[in-house]
Amino acid sequence: MPINRVYNWQIKRETAYPFEGARPDRQFAAVFDINKCIACQTCTMACKQTWTTGKGQEYMFWNNVESKPYGFYPLGWDVRLLEMLGPQRWEGDKYAGKTIFEAAPRGKAAQGYLPEEYDYAYPNIGEDEPMGEVGRGDYITIPHRIWHFYLARICNHCTYPACLAACPRKAIYKRQEDGIVLVDQKRCRGYRECVRACPYKRVFFNKVTGVSEKCIACYPKVEEGLQTQCITTCIGRIRLNGWISPPEKADPENPLDYLVHVRKAALPLFPQFGLEPNVYYIPPVHVNSAYLKQMFGPGVEHAVRQYRSASADDTLLGVLTLFGCAEQWIAKFKVSKGVASGYDAAGKAVVKVPIKEPVYVRPFYDEKLQVYRHNIT
Amino acid sequence: MSGFDRREFLRWSLAGAAGLAASSPKLAFLQPVAVDNPLEWYPDRDWEKIYRDKFRYDSVFHFTCAPNDTHNCLLRAYVRNGVVVRTGPTYAFGKATDSYGNEATHRWEPRCCQKGLVLPRRFYGDRRVKQTMVRKGFRDWVRAGFPRDPETGKPPEKYFKNRGQDRWLKATHEEAYELTALALMNIAETYSGEKGAEYLRKQGYDPDSVAVMEGAGTQALKLRGGMPLLGLTRLLGLVRNANMMALLDDHIRKAGPEGSLGARHFDNYSWHTDLPPGHPMVTGQQTVDVDLSMAEKSRFITLWGMNWISTKMPDAHWLTEARQRGSKVTNITIEYQSTANKADDVIVIRPATDHALMLGVAHILMKEKKYDDGFVKSFTDLPCLVRTDTLQYLRASDIIRGYSPSPLRNYAAVVKAGEKPPVPMKQPTQYVSEEMRREWDDVVVWDARAGRPRAIGRDWVGGRFKDLGIDPALRGRYKVTAVDGSQVEVRPVFDILEEYASYFTPERVSEITWAPAEAVRALASDLARHKGSTFFAVGMGPNQFFNASLKDRGIFLLAALTNNIGRIGGSPGSYAGNYRVALYNGLPQYIAEDPFNVEKDPGKPANVKAYLRFESAHYFSHGDKPLRLGNKLFTGKTHMPTPTKFLWFANSNSIIGNAKWSYDLVVNTIPKLEAIVMHEWWWSMSCEYSDVVFAVDSWGEFKHPDLCGSVTNPFNQVFPRSPLKRIFDTVGDIDVFAGVAGSLSKLTGDRRFEDYWKFVYEDNVGAYLERIARASSTLKGFTFKEIEARALKGIPTMKNLRTYPKVVGWEQTNEDKPWYTKTGRLEFYREEPEFIEHGENIPVFREAIDATFHEPNVIVAGKTEALRPLSPGDYGLRADDLSTETRQVRNLVKTWEEIRGTRHPLTKDKSYRFLFITPKYRHAAHSMPIDVDMITVYYGPFGDLYRHDRRKPWIGESYVNMNPADARELGIEDGDYVWIDADPEDRPYRGWKKDDPDYKVARMMTRVKYYSAIPRGVLQMWHNMYQATHGSVRGHETNPSGLARNPETNYQSIFRYGGHQSCTRAWLGPTLMTDSLVRKGVFGQQIGKGFAADIHCPVGAPRESFVKVTKAEDGAVEGKGLWRPAALGFRAGYENEMMKKYLKGQYVD
């Protein structure tokens, strides 16, 4: 079915897609630092309590965190799709295999499958379960022979969404002003083609209302200049919202562009699927690279090296320090004299934070107040 | 056509159709789909208001979420139509200041976690305690006029045998105040005087326990505010309440203000086994810890059984950000847990052998002279001489005739008899009684340059010692001449410890701990390279074993050898529980106000006089008795518990529902209690077994302000007054105290009870908090009113401690101040008779008391002259008696070569083969809020919102982590149900029988999760659970849905049967019950000795047992076949072909 060719910079080539390529004025994006994710599920509960408290939404987690490699929601989602696609190849940083659009069966927009209802049970299956087995007494050093990591997931608000491509009613669209992908709740008739097509399984069918639903990137917040619920509640401080530019328009003062394009420290999830997803992950530094390459593409080793160099690099450390510091969107950042500053689109300062925590020593005796200050009280 | 032009064209051409659609929705459905390219443009986006509407709120307010998790987050509540629809962080922690204007940074944002974000589900949840409830049998007993057996004083069994299975009756708060007051009066009166003592002896209580009541029946009343720091007026109100009971004693015995006694208050921090009991043994201070934000100042971070990532969630980023900044992280653990994926090195050891690893590392540092000589000589007792004859410190007066102890001038002072030190806030120095100063004398070192002994004054620590120019010997044996002319052999403590540690070679340590010898060497070499910048973060793992005090002494030894104490970046820290009430050392103004002399003017300070006494709750959980074995009472006089007849507690599920050995408490101990009164806002297991449950406000509804703090962050956390209307018929906790006091005034005619809570009646609880603020060294400079005003806007304040980040011991190291010990130094040697008797005068390694494959509790040692413990025979016990009780006092010394061939006594039955440990996890803080739907569903791999399997107790359930090879050997598949049984001698409770109805409730059934992150032979289950009760089992078996929910109370269990505490018991460590240990008191700088609640007292061993596992049922729905995810090939050990490829990354090339 896909008839057009669109350019996808993440795989460095054109791919088939049912519609002509059209990038929005601004594209919603986020960077997730896996090295800081603690799988606390605070993001999951923030999203649940804000958006999916209704009937038919019980099982839905628009945001979830799963332990890799044994965690899935729904069961086996990525394994199943990788298997349907079959083994594929990268040539350097260019993808030489098939995207899900190119592998689409006749009459479908994309290769995909429809999970069974029971696949959504056990949303935290695989939690903390490692690849490999611990011995009686073990000494594990980097790269860890036994490993797991946490993968926090929301809708990727893809540049080339498969859900949108698959909808027979064209009830899914991408907002021009921010690139957020939405399912029109009035027009959707619940055919579930989007659920089948989304390789990330980020669209959910509501049995009670009969329509499909998905992460809305908290647009009521984004419209107010605020970061999303899953981001502003992220206590691991792993997340940062921002606008991502195409690589040729990258602005080094834009924190997202800096991390994704300038430093290439953050990578898309399963870029080979061909959707140009817009959540970018800083890969974990302790995991073997074959698995990571399968998940994040050929840039993983470079990204890990970049991340490891942050301790001696104030600009990189500065932008990473801004994660979690403010509710507002940070359009630009600067690092100067050990202080990282974030600014909104109008150039107004949003937050300032020292890269290293200060140390204060208070007077032992406060004469005015006649009190002694001790650490042992 | 360019994109822009075409888009514009489409927009115009469709405008007509869209207009038509808007005017007629029915017609809109029939409109043909007219979207050309939804990437570009979409016609009718009005529907988007659905989500804007859903997001809308009318107002916000701020409140503090404070389970016992050491964080305490000020949260923002979003209110719509008067209902809290969601909660979130305030993003104002970066605006916090101390009273000098020092600012916190925005790196403290955001503060919250998933437990706080599900609170709306709890505020309005169906298990809220919606009104005050009274158990029928209890009410009947009170109404019948408290009938009792004239011989023993016991109430008739019929009123109490139904606890946990009885009917519950709604009551007004006032009725319940009166019932409580009547029971307080009757029980206190019954057990007062000689008649009361006789009753208690006839009921079988230990005579020493009865004697310490001194005739006051009020001493049989036990009160407990659940982790009191979590609410200075609300929870510490129970301490105040205990003090008030002196008025009741006066009413009964007419003993007057001089002779009356208050009630007893149970410990908290030590009851939770959060106290690291060896900290006061080394430092004299309750606990040494630091704000977790210190991590990035440490170039090397070592984690000892601390699952920082799962249990310190809002502060987890300090660890990951330290790593971003280049710090190395080494994680010492018994599994590859969540923190392992944030570590550089992971060392996996056998549970409860951390201390052996520490000794192995200490040995390398000592042998290779990689320790910090200056620190060791000037800040520790390692150069101090020990007499080889008495095994006690050589004292200056032993060798210098007429020696008088050195004067104390270095931040210490002697208090003469009859004098009182100033209040804590005004204390510049430590305070020591004349008697103690005399007893301590001064220690002696061997001056290597002069070749003679030198007495060392207590003042001479740090730079002050260095200035003396003495080079004390660390090694060797010396002869000194005693004042009586005899020759005495002496050795430096260092020499004794080195001799002991030398047995712990890397190879032997590897055998004991399972860790490869290479890991021991790597750790030693990393430590040697990071002097002054290593963080030793110790978690609950090693802390919650019976021999925990020894590992504390080991950690300090490593820290002292590497100059890592009191440094910003170099310090030990123990992380368990939120405990330090001393953060607000003006608290005596509230908790110990003299009830006979109440100050009614809120502007004036209270008169302070303590009538209450403290006691460790471990005796209560130990069948309500001290440790008496063979010919000896092992519980010190200062520790002696009294019989427990009345229990009153608030905000706590840990004293019954999540207590160690909880089913023994339920079956054997609480039937002897005559009243159990509690406050709750959520129906817990403790409520199930109570008599009166007061319905109190949730954290979102507080009508009275309150304050709390935390030991891991620098903030004061206010509970500001909430504008939210009460959701149910609840009152404040402090209203209950006032209400019961009001009833006592009515019933006794003594107005002073009511006056004691005057400011509650006047809705002026802030007045108590102002008194605390005015008298606390950390708050002085703020008024409570001021900090509440900030909290109302979501902004906390910072405590005025000495440093930010707080590092306990900073003053000692940087300003050469003494520690709170006899010598003023960090003491690694314990010379008191109790320690010598139990072989713990040096920090020995002992096998675990239950969680070991070998003979339990044996001291592991090579040839060590300085170990001379008493043997079982000395106590009149058999040497081969390994029963659980006697094991506690069994001090056998053996070599590892002798021990490694021995077996745990239970292995006579071959199915006993697993260490069973129950650490904490990320999904709950203790048991809060484990049964809230969205939390339960994420609690491990078995969450299923639609409960496809009706056997499930709830929409998620408990499970045990098991190595797949162990499971396969027992024919157990992933997801199967199993039975887990610990020592049948006393678990799940003493005297169980197979056909006992109680046994069915108490025996643990759970599911198995295949978990290859844990070594073979070790089982792990999380501590954060709601266990089965009589009611939940009845529900599980009679509810058509199969839910394990009590039909009478709605209590929701996460287990079908039993619980994690089915396998635990109470343990009493002899060296934790001494009358001789010198330690600082709770508040301020005064030093005392012997028992101090939450400082020196038993801690139990909640994390260890030895168990067997038996398959019960298959894991598939309704118990037939393999659990679906395993059957489909997506589980470890069951991988299908695609999973195998996926794990190897073979889908790309």
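In which helix of chain B does E175(B) lie? I looked it up: E175(B) belongs to helix 7 of chain B, residues 173-190. Helices (H or I, at least four residues) and strands (E, at least two) are DSSP runs, numbered from the N terminus.

**Conventions.** I note that this is a predicted model, where local features need pLDDT of at least 70, side-chain atom pairs count only at pLDDT 80 or more, and totals for chains, interfaces and linings use all residues. Residues are numbered from 1 along each chain as its sequence is written, chains are lettered from A and ligands numbered from 1 in the order in which they are written, and side-chain values use heavy atoms, with hydrogens and water left out.

**Entry: surface patch.** I found E175(B) in a negative surface patch together with E174(B), E178(B) and D729(B). A patch takes residues with over 30% relative accessible area and no salt bridge, joining like charges within 9 Å and nonpolar side chains (Val, Leu, Ile, Met, Phe, Trp, Tyr) within 5 Å. The place of a charge is NZ of Lys, CZ of Arg, CG of Asp or CD of Glu. Lys and Arg count as positive, Asp and Glu as negative, and His and the chain ends are not counted. Areas come from the Shrake-Rupley method with a 1.4 Å probe, and for residues only the protein chains shown count as cover. E175(B) has a relative accessible area of 44%, so I list E175(B) as partly exposed. The classes are buried (under 20% relative accessible area), exposed (over 50%) and partly exposed in between, with a 1.4 Å probe and protein chains only.

**Entry: salt bridges.** I searched the whole structure and got 137 salt bridges over all chains. The criterion is a side-chain nitrogen of Lys or Arg within 4 Å of a carboxyl oxygen of Asp or Glu.

I looked at R1124(B) and D119(A), whose side chains form a salt bridge at 2.9 Å, N to O. R1124(B) is in helix 42 (residues 1124-1127) of chain B and D119(A) is in the loop between strand 6 (94-95) and strand 7 (138-140) of chain A, so this pair joins two chains. Both R1124(B) and D119(A) are buried.

Next I took R387(B) and D398(B), a salt bridge with the closest N and O atoms 3.2 Å apart. R387(B) sits in strand 11 (residues 385-387) and D398(B) in helix 17 (residues 396-399) of chain B, 11 residues apart. R387(B) and D398(B) are both buried.

E499(B) and K863(B) form a salt bridge at 3.9 Å, N to O. E499(B) is in helix 20 (residues 493-501) and K863(B) in the loop between strand 31 (859-860) and helix 36 (884-887) of chain B, so the pair ties together parts 364 residues apart in sequence. Here E499(B) is buried at 17% relative accessibility, whereas K863(B) is exposed at 67%.

I also logged a salt-bridge network that links K36(A), R237(A), R107(B), E296(B), K297(B), E321(B) and R325(B).

**Entry: a charge without a partner.** I checked D996(B), in the loop between strand 35 (977-981) and helix 40 (997-1002) of chain B. D996(B) is buried but has no salt bridge, and the nearest side chain of opposite charge, K993(B), is 5.0 Å away. Beyond its neighbours within four places in sequence, D996(B) is in contact (heavy atoms within 4.5 Å) with Y989(B) and G991(B).

**Entry: two buried loop residues.** H704(B) is in the loop between strand 25 (692-695) and strand 26 (706-709) of chain B. H704(B) has a relative accessible area of 12% and is therefore buried. I found its C-alpha atom 7.5 Å from that of D763(B), 59 residues apart along the chain. S338(B) is in the loop between strand 9 (328-333) and strand 10 (345-348) of chain B. S338(B) is buried, with a relative accessible area of 0%. Leaving aside neighbours within four places in sequence, the contacts of S338(B) include D128(A), H148(A) and R922(B).

**Entry: backbone.** Most residues other than glycine have a negative phi, and most peptide bonds are trans. I noted a cis peptide bond from Y73(A) to P74(A), omega near 0°. Another cis peptide bond joins R987(B) and P988(B), with omega about 10°. W514(B), not a glycine, has a positive phi of about 80°. W514(B) is buried, with a relative accessible area of 13%. D1094(B) has a positive phi near 70°, and is buried at 14% relative accessible area.
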